[in-house]
Amino acid sequence: MSDSTASSSSSPIWLYSYIKLRFFNRIRRFLRSKNSNRKRNTMSSDPHHFDTSSLRPTKVMVKESSNDHEDDGLGLQRAVKKLHFGSWEEKELAAEEIGMLAKDDVKVRKLVGGLGVIPVLVSMAASEVFDRRREAVFALVQLANGTYTNKALMVEAGIFSKLPKDINILDEPTRHRFAELLMLLSSLANTPFPLPSSEIVPFLVGSLESDSSNVKTKQSCLGALHNLSAMLDNAGDLVSNGVVDTLLKLSSDKELSEKALATLGNLVVTLMGKKAVENSHLVPESLIEILTWDEKSKCQELSSYILMILAHQSSDQREKMAKSGIVPVLLEVALLGSSLAQKRALKLLQWFKDERQAKMGPHSGPQTARFAFGSPVNPQAAQQGKKMMKNLVKQSLHKNMEMITRRASASGDSSKIKALIISTSSKSLPY
């Protein structure tokens, strides 16, 4: 019994000694690499142009910079030690210091990630103490920036299970840092590393729908959703958590529209995503409205892309779009939009034109057969009917062109459009 007790009591001491020894070795190598790089840089100058007057200041600068690196190394050493063995107050200060040191140096991020601090920070991220949680999440954000290994260690430590179920308990700075962390970690969706999207999406949707979330927080949440939507396997979790309606609402906000539409574009190519978009009461009116944003060409391109997918091989959707007045808007985009938006608008117009011709096909062409068994047609009445139809076509054309000119006049292109109107006939229009 005494031997087993002695061995069990000595094992933690041996483990702590091993961790300390390993940490000191890494710090020593880190400082040596810093000093050697600094010496190489100072010795690489051309000896033929050596300025002896600057010799003393150069030595002082190298000495001061090496002292700075030594101070950073000692500070990092103290911070890691306090994070592992200090009190809660010391852990908070250590997390803040680690975050500040990791913010400016990739080598520090990689070094600290291998010293076992990530599991400690992840556990602190679930604390009910606001300051403790905020500093831990800040340090995790800095450690996750640009390092795949640290991101994987955070996921393995269960960071997603530490997300609060109720986002209203978080203050805005902490919520923003959580959103930044999720945006960084969601980049793992493009790798073979598995991500539990069902644990991430509720927090992101709640933050997006909260009125207390600022624009930067919502942009980070949209970035995370966009990374997740890039994998088609995540479409089910995204749609089932109401992401589509949330994205459609945010797409009307010009500050958030581009990222929201890009995520919708990833979802609408899936069967579940397309059905969710079709069943929304905001479609197609909200997407048609975005087409009128002349100053947001990227939003026009994304909105026309989503409309193309909805209209493809769906007469019901094309009918809804036509009733919502999409044709005049598409004419404007075809004339004033970017090259990609013009191509998509012309494609949509061609579909509407083909569908109208298909519906009018049995009634088009010469109509002489209608009067074969009736009274003869009065030539004067027929001529008046032709003039009336021609005037109606001209009025419709001029009405559409006036609308386009009125919208384009704000951007200074009215003269160009007027010239285009004068030189364009109804036969040359795409629809």
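Q: Which residues touch the most other members of the largest nonpolar core?
A: The model is predicted. Its largest nonpolar core has 99 residues, and helix 16 (residues 297-311) supplies the largest share of them, eight residues. The members that touch the most others are Leu121, Leu140, Met154, Ile159, Phe160, Leu181 and Leu204.

Q: With which residues is Ile159 in contact, leaving aside its neighbours within four places in sequence?
A: Ile159 is one of the core residues that touch the most other members. With neighbours within four places in sequence set aside, its contacts are Val122, Ala125, Leu140, Met154, Leu181 and Leu185.

Q: Why is helix 5 (residues 117-125) described as largely enclosed by the rest of the structure?
A: A residue counts as buried under 20% relative accessible area. Helix 5 is largely enclosed because the buried residues number seven of the nine.

Q: Is Cys221 buried or exposed?
A: Buried means under 20% relative accessible area. Cys221 has a relative accessibility of 0%, so Cys221 is buried.

Q: How many disulfides does the structure hold?
A: A disulfide is a covalent bond between the sulfur atoms of two cysteines. Cys299 is buried, at 1% relative accessible area. The number of disulfides in the structure is zero.

Q: Over the ring of which residue does the charged end of Lys254 sit?
A: Lys91 lies over the face of Trp88, 5.5 Å from the ring centre. The charged end of Lys254 is 5.2 Å from the centre of another ring, that of Trp293.

Definitions and conventions:
Residues numbered from 1 in each chain as written. Predicted model: local features only at pLDDT ≥ 70, side-chain atom pairs only at ≥ 80, totals over all residues. Heavy atoms only, no water. Disulfide = S-S within 2.5 Å. Buried < 20%, exposed > 50% of the residue type's maximum accessible area, 1.4 Å probe, protein only. Lys NZ or Arg CZ within 6 Å of the ring centre and 35° of its normal. Core = buried A, V, L, I, M, F, W, Y, C linked by side-chain atoms within 4.5 Å. Helix = DSSP H or I, 4+ residues; strand = E, 2+ residues; numbered from the N terminus. Contact = heavy atoms within 4.5 Å.
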